[in-house]
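Thanks for making the time this morning. Let me put the model up on the screen, and then I will talk through the parts of it that I have looked at.

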Amino acid sequence: METTFTVTPRFAVKMLEKALRLYTPSLNEKAMAEFLADKCDDLGFEDIHIDEVGNIIAKKGTGSPKILLCGHMDVVPGKVKVRKEGDSLYGRGASDAKAPLMAMLFAAASVQNNNGTVIFVGTVDEEGNATGVKNLVKNHMDIDYAVFGEPSGIKQVTIAYKGRLAINLKVSVNDSAHASAPWLSKNAIEETMIFSKELKKGLEADQDKKSKGMLLTATLTEINGGTSHNVTPKECVSTFDIRIPVDTNCKIVEQKISVLVNEIAKKRQVEAYYSIIDETEPFEAPHNSAIVRAFTLGVMDVEHTRPTLIRKTGTGDMNVIGNQWSIPVVTYGPGDPHEAHTIDEKVSIDEYLRGIEVLKRMIHHLKRLHDKNMQ
């Protein structure tokens, strides 16, 4: 049975407002999953279910291509009063990423049978440890294309995200001394400061002509050392967050780290060990894939201008699926990325509504381009 339920702009805005009233920090998304399951039921989706980690999954339409539209339900902590002011709708998650998620829901709802199959997914824990998307990857789905919902602004399509390596670095010196006689031994915290400077310099060398999206960055994010206020520390542990552009990979960067840590330790005459706590490969979608072309046409239909293809400096769910499934993947959604995580987060209502239209047009163009490629 095909549904005849029409999604009016007023209804789409009201539902986004309802979604924003549900406060869903990571791993507390149950209310949002149930709300979406309910809406999917109203809108004629099939196979609606909540999986073992809490993701909501629903299907609309039949036939090929099979498109995954995936947004996340969780928000960063901190409540923002939900309200409308002019064209702005305020609320935690307004931009990151409930507007993209709801835009995907309503675009998916428009798909009729035999015009392609859309699998709509709201994931958990994107802002945390990506529990939701990791579970999707584990239960391998048969998908031709995937779109992740993050605020890019509706005239921009994100085709690349950096990878990430996070490491713990432990620096140890031979002995500790009384703070009144600091010359008697090296100081592990001071050595860590020197070490981190050298490591950063080594990893970030020779990048003068690169754009921000293509820069490798190494950032010291945590430091922990010392046992007492009047004793020089014998060891110190620090954490680095290293972002990796698409022209390299984790393995190459790891080898660089290994060489640098040994060299600096030798030079400073300290002991140093590092361990890897997170590893995500960078990802870039092929620019000429059918999904990128479908988005270009969709944006031109609605905005009468070609979208800009952008490389983001962060790391997202797109990396995980793109690398594991080797399918064309992009990230897209209404909203201003600079509004994400802010204390008064908002989204333009007009942009949200136009985002729904772009996604609808994209699905329509993708069906045609996919069928043409299959001939």
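Predicted model: local features only at pLDDT ≥ 70, side-chain atom pairs only at ≥ 80, totals over all residues.

Among the contacts in the protein chain between residues at least 6 apart in sequence, 81% join residues at least 24 apart, where contact means heavy atoms within 4.5 Å. Residues are numbered from 1 along each chain as its sequence is written, and side-chain values use heavy atoms, with hydrogens and water left out.

The chain has nine helices and 16 strands, which are DSSP runs numbered from the N terminus, helices being H or I with at least four residues and strands E with at least two. Its C-alpha trace spans about 80 × 45 × 40 Å along the principal axes. Of its 375 residues, 52% count as buried, and here buried means under 20% relative accessible area, exposed means over 50%, and partly exposed is in between, with a 1.4 Å probe and protein chains only.

Let me turn to the interior. A nonpolar core, as I use the term, is a set of buried Ala, Val, Leu, Ile, Met, Phe, Trp, Tyr and Cys residues joined through side-chain atoms within 4.5 Å. The largest one has 82 residues, and those that touch the most other members are Leu36, Met102, Phe106, Phe295, Tyr352 and Met362. Helix H3, residues 94-109, gives the most to this core, with 11 residues. If we leave aside its neighbours within four places in sequence, Leu36 is in contact with Ile56, Met73, Leu101, Met102, Leu105 and Phe120. There is also a second, separate core of 24 residues, which includes Ile244, Val253, Ile264 and Val270.

Helix H5 (residues 188-203) and helix H6 (residues 250-268) pack at an angle of about 140 degrees with their axes 10 Å apart, the axes being lines fitted to C-alpha atoms, for helices over the stretch in contact, and the angles running from 0 to 180 degrees between N-to-C directions. The pair is therefore oblique, given that angles under 35 degrees count as roughly parallel, over 145 as roughly antiparallel, 65 to 115 as roughly perpendicular and the rest as oblique.

Tyr90, in strand E5 (residues 88-90), counts as buried because its relative accessibility is 12%, and its contacts beyond four places in sequence include Leu20, Arg83 and Asp344. His365, in helix H9 (residues 349-374), is also buried, at 8%, and beyond its neighbours within four places in sequence His365 is in contact with Ala294, Leu297, Gly298 and Asp301.
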